[in-house]
Amino acid sequence: MTAERSQLYYTCVFLHVSFQAIQNSVATSPKRDDTPCWLDAQTLRMLLGELQRCRQEAAPFKEVNQPLDTAIYHCGLLMAQCPAALNRQLCQHHLSAIMTPLKEATAQLSSSTQRTSAASSSPRQRLRGWLGW
């Protein structure tokens, strides 16, 4: 795995886990479902910036461009309505819509890595694998 691809993979994992933590925080909040969720807009702004930087660095990796664009789009929608302009259910929907493409991007980067590492092994390593040594 190249250093750039590895960095991109771990950035996507970080972003996914960060948005998941926010979603869990919103879900376990003691407020009722019809009240605004009052997310920390500063944290969301920071994560959106990191997501946009990740997308710029992902330009050479075409398979993850669309999922990252989708995550940025939904994060922008969430930021446009946050804080306090949406209820908890809609907030949860936006967070899920951000995490799903991040998970897809992570899986794309992971599966490509496994194929690349198998293809880049030496003939001796492939022969040993084939023989079961």
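Y10 is exposed (over 50% relative accessible area, with buried under 20% and partly exposed in between; 1.4 Å probe, protein chains only), its relative accessible area being 53%. The structure is a predicted model, in which local features need pLDDT of at least 70, side-chain atom pairs count only at pLDDT 80 or more, and totals for chains, interfaces and linings use all residues. Residues are numbered from 1 along each chain as its sequence is written, and side-chain values use heavy atoms, without hydrogens and water.

Rings of Phe, Tyr and Trp (its six-membered ring) were paired if their centres lie within 6.5 Å, with planes under 30 degrees apart counted as stacked, over 60 as edge-to-face and the rest as tilted. The ring centres of Y9 and Y10 are 5.0 Å apart and the planes stand at 80 degrees, so the pair is edge-to-face.

Helices are DSSP runs (H or I, at least four residues), numbered from the N terminus. Helix 3 comprises 20 residues, 62-81, and spans 30 Å from its first C-alpha to its last, close to the 28 Å expected (1.5 Å times one less than the number of residues). Its buried residues include L68, H74 and C75.

How values were computed. Helices (H or I, at least four residues) and strands (E, at least two) are DSSP runs, numbered from the N terminus.
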